[in-house]
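Thanks, everyone. I have one structure to walk through today, so please bring it up on your screens.

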Amino acid sequence: MRSLPATLPILFLCEISFLLGHGLIMTLLGVRMSLESFPSQMAGLLMSCFSLGFVAGSYWLEKRIRSVGHIRVFAACAALLAATAILHGLWVNPWAWLVWRLFGGAATAGLLMVMESWVSGESTNENRGRVLGWYLVISTLSLAGGQWMLNAADPGTFVLFSVAGILFALSLVPLSIHRIHGPLRGQHSAAAKISLAQLFKRAPVGLTGAFVAGLMVQAFFAMTPFYGQEIGLSTGQTAQFMSITTLVALVAQWTLGRVSDRFDRRKVILCMAIVMTISGILITFAARSSFWLLVFVASFHTAMLHTLYSLSLAHTHDWLEPEETIQANGKILMCYGVGSVIGPFSASLLMDIAGPDGLWYFLGAAALSLAAFILYRLWRREPVKTPQEQEPYTPMVPLVESTHYINELDPRHGPIQYELDLDGHDWEAGPDREAA
């Protein structure tokens, strides 16, 4: 950490406080909805609203960052998140919660954009891999810690909503008491255009994998706390389940990533999809046996689940020219975003029909569909590139909604800040610096 730029430890402190609150509120809402006897469809709709707000905020707030600066946007989003966390506890109403989560999704997108673009701007080609490693570890541990904090108080009271609000507010303190500059930017070449149809023609498994990852990851986070309460897990057991399965993903990122560097990534993703399908079936039986058997089987499922987006992104990069990565990343994330809106609500509908086990039926069916699609692609066409020509795998943060900025930390190419111009013009890049 000492070898990193002086600004980064300050940003990491902000990240820890923010993600502790984010991990807590994600798990708390699912548990509280079950305690309040909200229908399962409402739990799925809640996460879908969060994802919808996240996608909208990703693009609108990017322009606000350019207009008023990183620090001001960070302050506004942290304040909004603190307010919405407290409002969840003050007004326990499912329809009101939909509104709070919509704004919460937009604010979460703003905080992640600020942190990730700032971290990217402060890193160099020489230290970007090390910076990404720190960012990945801190993100995963903070999320798991926030989920574990569910044990700190009764989720049926206002206390934990207040704790989440306090954590969001505290994320402002490190930035407020230090005089630091905004991210530094250099000049970059213009990005080459690539259409969604062209991208799908080159890497259909990559785009499909990103879409399925959005379906599954957000359905898992939205419905698993609800599932735990419905099958009779205690609040402590639910917190343990979420935390342990989150930490497993950290190990899986590195292990599966290294494996994918040596083999055709489509075949690695196929194996992952098969493991998720089988484990999704076994989980329903493990849940009836013992809590720790449930955790053990579910860990195999979540290890694959949380790595799916990273490998899908890496596979797509194998088929891109360097100047195409900017537009390609945006389109991959749009596929993920569409999946993240559809997945939670779809899973909740199946749970309403099949009971709590419907969550794992949904996740298993999504994984099986992905496996079938990859088998079809492997049968139809052999890869043109050999495994030696693949781009090296780079781990990505698997547990929070990704923004397009996180790709800037990828050591395979330099950092670029870009925005979606809805008027039809090209993606643009440029220098950015602020003082506070």
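Let's start at a cavity. By class, the lining of the second largest cavity has nine nonpolar residues, one polar and one charged. Nonpolar here covers Ala, Val, Leu, Ile, Met, Phe, Trp, Tyr, Cys and Pro; charged covers Asp, Glu, Lys and Arg; the others, Gly among them, are polar.

A word on the source. This is a predicted model, where local features need pLDDT of at least 70 and side-chain atom pairs count only at pLDDT 80 or more, while totals for chains, interfaces and linings use all residues. Residues are numbered from 1 along each chain as its sequence is written, and side-chain values use heavy atoms, with hydrogens and water left out.

Back to the cavity. A cavity is a set of points, on a 1 Å grid over the protein atoms alone, where a 1.4 Å probe fits but cannot get out; lining residues have an atom within 4 Å of a point. The whole structure has nine cavities of 30 Å³ or more. Helix H1 (7-35), H2 and helix H9 (204-230) each supply at least two lining residues. Helices are DSSP runs of H or I, at least four residues, numbered from the N terminus.

Now follow H2. Helix H2 runs over residues 40-68, 29 residues in total. From first C-alpha to last, H2 reaches 40 Å, close to the 42 Å expected at 1.5 Å a residue, taking 1.5 Å times one less than the number of residues. Where does H2 kink? The kink is centred on Ser 58, at about 35 degrees. That bend is the angle between axes fitted to the seven residues ending there and the seven starting there. After H2 comes Gly 69, with a positive phi near 105 degrees.

Last topic: aromatics. The structure holds twelve aromatic pairs. Rings of Phe, Tyr and Trp (its six-membered ring) pair if their centres lie within 6.5 Å; planes under 30 degrees apart are stacked, over 60 edge-to-face, the rest tilted. Phe 291 and Trp 292 have ring centres 5.0 Å apart and planes at 70 degrees, so they are edge-to-face. Tyr 376 and Trp 379 sit at 6.3 Å and 40 degrees, so that pair is tilted.

Terms used: On a 1 Å grid over the protein atoms alone, a cavity is a set of points where a 1.4 Å probe fits but cannot get out, and a pocket is an open set with protein on both sides within 12 Å along at least five of seven lines; lining residues have an atom within 4 Å of a point. Grid points are joined across faces, edges and corners, and a volume is the space filled by probe spheres set on the points.
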